[in-house]
Amino acid sequence: MIKIDNIYIGSDLFTSADFVKIVLSSKDILIVTDNIIAGLHLSCLTAALNLTPAQILILQSGEEFKTFATVESILQRLYTLCYDRSATIISLGGGVICDVVGLAASLYMRGINWLQIPTTLLAQVDAAIGGKTACNYLGIKNLIGTFYFPKQIWIDLRFLSTLPSREYFSGLAEVIKYGMACDASFFIWLENYKEQILQREVTTLQYMIQRSCELKQSIVAKDPHDFDTRMVLNFGHTFAHAIEALTEYKLYLHGEAVALGMLLATHWAVKLSMIDKEVLDRLEQLLLFFGLPTQIGRHSYNINMLCNYISHDKKKRAGIFRFILPCALGAVTNVEIATLDNLEEILQEYA
């Protein structure tokens, strides 16, 4: 087992004495998961902890349930159980479960203990790391949220063996983001080990997840509340969130939208002569290798509507739009613009 700060990475972690000891240090525990993960992995966790049905809340799976109503249902269960601030809530699931459970944990009695058990690759390398919690509201991605850090994050590699290919590849988009935005050598490693990654070779996955967590943790430590340096992690996400909202969260998984967003941002950087086209080509080839989308379908594309969603992006400050664009392989910079008018050509080329 590998430990990075409060993150534990390994296999069969539920049987670990350390895991059981930490979780059972709290008398009151609530596990929150979704209906898909419950059928696959919940029994292993409940057996290890000997919990009662009342201590389990099973939600519906999917981005469409990432709402404040879902958060409220978690708060209601905590209240019904008469839990106080010494209680522990455990999120067992992917990015949606991580986000809504974290938000509920931050709100209930102004904060209770929160343990993360991310079950998708995307959650293991991104959503579970960094203390961002959220729900979607009024059609806007993550409009309501808090910064609230989990006590521990337990990343079990066994979950990846049951992960559908599309979900697995979606998570790889976030991994590729770290290479593009933070670490050129890691991007090159991903290129060199893409066959092993495709086959989900355990040793390769362990290093890939470890390096992703190290990169994100180091950046979050410098800027935990996303005011400055942490914005590099938003590479591709301004476009991605707009694409998700435009397609009502039904056409693309989050990582698929991030893949498109990274391509749009890199294409723009090429147009601005910030980066060589070779970097764009390498990014596109790696995304294509993992079956990720590289072009937005015309049936889902409306430039005016896409710009409207971008106009609500959380990185906007005092009416100025901020975009994270690559300036070299493994490095990005912040570009500020006053209007979205000059984006039309860039967006049109990828329609």
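## Basis of the description

Two residues are in contact, or touch, when heavy atoms lie within 4.5 Å. The structure is a predicted model, in which local features need pLDDT of at least 70 and side-chain atom pairs count only at pLDDT 80 or more, while totals for chains, interfaces and linings use all residues. Residues are numbered from 1 along each chain as its sequence is written, and side-chain values use heavy atoms, with hydrogens and water left out.

## The open sheet

Helices (H or I, at least four residues) and strands (E, at least two) are DSSP runs numbered from the N terminus, and two strands pair if DSSP finds at least two bridges between them. On this basis seven strands make up an open sheet of mixed pairing, ordered β1-β2-β9-β6-β5-β3-β4. The edge positions are taken by β1 (2-4) and β4 (56-59); each has a single partner strand, so one side of each is left without a neighbour in the sheet. From one strand to the next, the twist averages 15 degrees.

Within this sheet, strand β2 (residues 7-10) runs parallel to strand β9 (residues 152-156), and four bridges join them. I7 stands opposite I153 of β9.

## Helices packed on the sheet

Axes are lines fitted to C-alpha atoms, for helices over the stretch in contact, and angles run from 0 to 180 degrees between N-to-C directions. Helix α4 (residues 95-107) packs on the sheet and touches β3 (29-34), β4, β5 (88-93) and β6 (113-118). The direction of α4 makes about 170 degrees with that of β5. Helix α9 (residues 202-222) lies across β1, β2 and β9, and runs at about 170 degrees to β2.

## The β7-β8 hairpin

Strands β7 (residues 132-137) and β8 (residues 140-147) run antiparallel and are joined by five bridges. C135 has I144 as its bridge partner in β8. The two strands form a hairpin with two residues between them, and L138 in the turn has a positive phi of about 55 degrees.

## Aromatic pairs and charges over rings

Rings of Phe, Tyr and Trp (its six-membered ring) pair if their centres lie within 6.5 Å; planes under 30 degrees apart count as stacked, over 60 as edge-to-face and the rest as tilted. The count comes to 14 aromatic pairs. One of them joins F19 and W154 edge-to-face, at 5.1 Å centre to centre with 80 degrees between the planes. This pair links distant parts of the chain, since F19 belongs to helix α1 (residues 17-23) and W154 to strand β9, 135 residues apart. Both F19 and W154 are buried, where buried means under 20% relative accessible area, exposed over 50% and partly exposed in between (1.4 Å probe, protein chains only). Ring pairs also link Y8, F14, F19, W154 and F159 into a cluster.

A charge sits over a ring if NZ of Lys or CZ of Arg is within 6 Å of the ring centre and within 35 degrees of the ring normal. K177 lies over the face of Y178, 4.8 Å from the ring centre. The charged end of R200 is placed over the ring of Y168, at 4.3 Å from its centre.

The expected span of a helix is 1.5 Å times one less than its number of residues.

Helix α11 (residues 254-271) contains E256. The 18 residues of α11 reach 26 Å from first C-alpha to last, close to the 26 Å expected. Because 16 of the 18 residues are buried, α11 is largely enclosed by the rest of the structure. E256 itself counts as buried, at 8% relative accessibility. Leaving aside residues up to four places away in sequence, E256 touches R166, S170, L251, L292 and P293. After α11 comes S273, with a positive phi near 60 degrees.

N50 lies in the loop between α2 (35-49) and β4. The phi of N50 is positive, near 55 degrees, although the residue is not glycine; at 67% relative accessibility, N50 counts as exposed. R200, in the loop between α8 (194-198) and α9, likewise is not a glycine and has a positive phi of about 60 degrees.

L198 belongs to helix α8 and is partly exposed, with a relative accessible area of 28%. Apart from residues up to four places away in sequence, L198 touches Y168, F169, F289 and F290. L198 and L172 are 26 residues apart in sequence, with their C-alpha atoms 9.8 Å apart.
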